[in-house]
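Please have the sequence and the 3D view open as you read.

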Amino acid sequence: MPTIIFASPKGGVGKSTSALVLATELAGRGANVAVIDADPNKPLSRWAARPGRPDKLIVQADVREDTIIDAIETAERQAQFVIVDLEGTANMLVAYAMSRADLVIIPCQGSQLDAAEAVKAIKLVKRQEKAFTRTIPCAVLFTRTSAAIGTRDLKDIQAQLAEAGVQTFTTKMVERAAFRALFSYGGMLGGLDPNQVSNIDAAKRNATTLAHEVVQLLKSYGKPLQREVA
């Protein structure tokens with residue numbers, strides 16, 4: 001079953017948030033999802049310890065450089081989707097995980113600094129392609145964007161990446177209080193209290209669009225899915 005890696009050398013770009021949003025959206029649509037929390041800060045493990053985790057979503061945190069491949073292969077046998085949240089450092093754990101990826105998602109904010117860091121992640125993916133002699137699809141996901149307007153920096157970065165032949169998601173992860181609230185309250189977007197959190201419906205639409213695009217990308221790369229996700 002497909003393994004989706006979230007990787008970024010830069011902190012604060014919404015990597016773990018995007019991974020959680022995708023995982024909960026897929027689980028909410030009936031898919032069995034295994035999340036491997038390989039970020040030293042363990043944000044997804046802390047979320048899983050709160051109430052409201054869907055039964056179809058499991059989180060594993062105790063992974064090391066020498067166990068990450070076994071953890072991914074075991075999860076692939078048990079779940080329809082495997083999502084791995086990696087630490088930012090370019091170490092062997094990151095390299096080994098990427099070697100098993102069917103899709104590497106590189107979150108990036110709309111700034112030149114973030115774009116430079118995203119390019120570093122892309123170069124790391126390319127090195128793993130050579131080391132393991134296999135194609136590893138990757139795409140940049142713009143995060144923490146404005147719901148109202150697209151900045152000039154973001155448009156410039158999109159044009160630069162397109163010119164360089166780097167694939168980017170059409171979907172952008174908008175800066176939403178509802179996404180942040182998942183880590184505060186636990187559970188899924190649909191379980192948040194609208195009296196406490198604003199724009200939940202808009203966040204849910206964003207999550208749905210992201211999940212749909214990820215599934216379509218996996219299909220385009222020829223990765224068979226166990227069954228269709230509703």
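Predicted model: local features only at pLDDT ≥ 70, side-chain atom pairs only at ≥ 80, totals over all residues.

## Helix H1

Helix H1 covers residues 15-28.

How much of H1 is covered? Twelve of its 14 residues are buried, so to speak mostly out of view. The buried stretch begins with Lys15 and Ser16 and takes in Ser18, Ala19, Leu20, Val21, Leu22, Ala23, Thr24, Glu25, Leu26 and Ala27. Charged side chains are on that list too, with Lys15 and Glu25 both buried. After H1 comes Gly30, which has a positive phi, near 100°.

## The overall fold

Stepping back, the protein has eight helices and seven strands. A compact globule of 230 residues would have a radius of gyration near 17 Å; the protein has 16 Å, which agrees. Its C-alpha trace spans about 50 × 45 × 35 Å along the principal axes.

Of the contacts between residues at least 6 apart in sequence, 76% join residues at least 24 apart.

## Inside and surface

Buried residues account for 52% of the 230 residues. The accessible surface comes to about 10,600 Å², and carbon and sulfur atoms contribute 49% of that.

Note on methods: Residues numbered from 1 in each chain as written. Heavy atoms only, no water. Helix = DSSP H or I, 4+ residues; strand = E, 2+ residues; numbered from the N terminus. Expected span 1.5 Å × (residues − 1). Buried < 20%, exposed > 50% of the residue type's maximum accessible area, 1.4 Å probe, protein only. Rg over C-alpha atoms; globule rule 2.2 N^0.38 Å. Contact = heavy atoms within 4.5 Å. Areas by Shrake-Rupley, 256 points an atom, 1.4 Å probe, with all protein chains shown as cover.
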